[in-house]
Amino acid sequence: MRVRGQVRVRGEVVSGYPEVPPEALRGEVRRITVVGEDVLHRRCRDVTEDEFGTPELARLIDDMFAAMWVAAGVGLAANQIGVDLQAFVWDCHDEDGVRHVGHILNPVLDDLPPGARRLVEGTEGCLSVPGPYMELARPDTAVVRGRDLDGRPLVVEGRGYFARCLQHESDHLGGGLYIDRLAARGRRAALRRMEERKAEVFAERAARAEELAALR
Ligand code: ZN
């Protein structure tokens, strides 16, 4: 059962989680890559067995949380801070009022059985396409299987907006952007709107970076 105000960290119900995640407070704020940069348009490499449990991997997750917080995003993939690795993070409220927080490595999205696939329209944006939000239909449920920082198996399930987030971030790690799923006209409109609005978005991020620095 889902309860408003509930928090789930990597799928597990917890009693609460700080408004500004500790990962974000520890992380280094790194620049978010923008559509057109090579690292966003190819599949990221898998995390290897010897990388699990290392401080480098933990630092990467912290840096991703910091970038996501500064950009006021609900999800972020490693290639969005220029790192070629199968990893994404999230801090995302769904329509039931549940806040989902976590990270996953080497994630694989389950194929939905045909009967379970229900498409819903929704508004979607991307930190790497700063500015526009576009309508895009996606399945309303998603299950992602992968590993946590220490290599433990992890299964994360989402519905509604969080399902959208899990699918959007999985797309990133395959080298795809949500605008690649739009018709050509929608894609062009999104890129046009990005050019008009990106300076404003970058200014907002700079202000939030100062806010985060002040909290440390
Ligand atoms: Zn994105």
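A residue counts as buried when its relative accessible area is under 20%. In this predicted model, Asp171 has a relative accessibility of 13% and therefore counts as buried.

**Asp171 and its surroundings**
- Asp171 is located in helix H3, which spans residues 160–173.
- Leaving aside residues up to four places away in sequence, Asp171 is in contact with Arg138, Gly176 and Arg181.

**The zinc site**
- The zinc ion has three protein donors, namely Cys126 through SG, His168 through NE2 and His172 through NE2.
- These donor atoms lie 2.0 to 2.3 Å from the zinc ion.
- Along the chain, the donors of the zinc ion follow the spacing C-x41-H-x3-H.
- His168 and His172 are separated by about one helical turn, because they are four residues apart in helix H3.
- Both of these histidines, His168 and His172, are buried.

**Packing of helices H2 and H4**
- Two packed helices are described by the angle between their axes and the distance between the axes.
- Helix H2 (residues 55–70) packs against helix H4 (residues 184–215) at an angle of about 125°, and their axes are 8 Å apart.
- At this angle, H2 is oblique to H4.
- On the H2 side, the contact is made by Ala66, Trp69 and Val70.
- On the H4 side, Arg205, Arg208, Ala209, Glu211 and Leu212 take part.
- By class, the contact of H2 with H4 comprises five nonpolar residues, three charged residues and no polar residues.

Note on methods: Residues numbered from 1 in each chain as written. Predicted model: local features only at pLDDT ≥ 70, side-chain atom pairs only at ≥ 80, totals over all residues. Heavy atoms only, no water. Helix = DSSP H or I, 4+ residues; strand = E, 2+ residues; numbered from the N terminus. Buried < 20%, exposed > 50% of the residue type's maximum accessible area, 1.4 Å probe, protein only. Contact = heavy atoms within 4.5 Å. Donors = N, O, S within 2.8 Å, 3.2 Å for Na, K, Ca; no water. Axes fitted to C-alpha atoms, helices over the stretch in contact; angles between N-to-C directions. Parallel < 35°, antiparallel > 145°, perpendicular 65-115°, else oblique. Nonpolar A, V, L, I, M, F, W, Y, C, P; charged D, E, K, R; others polar.
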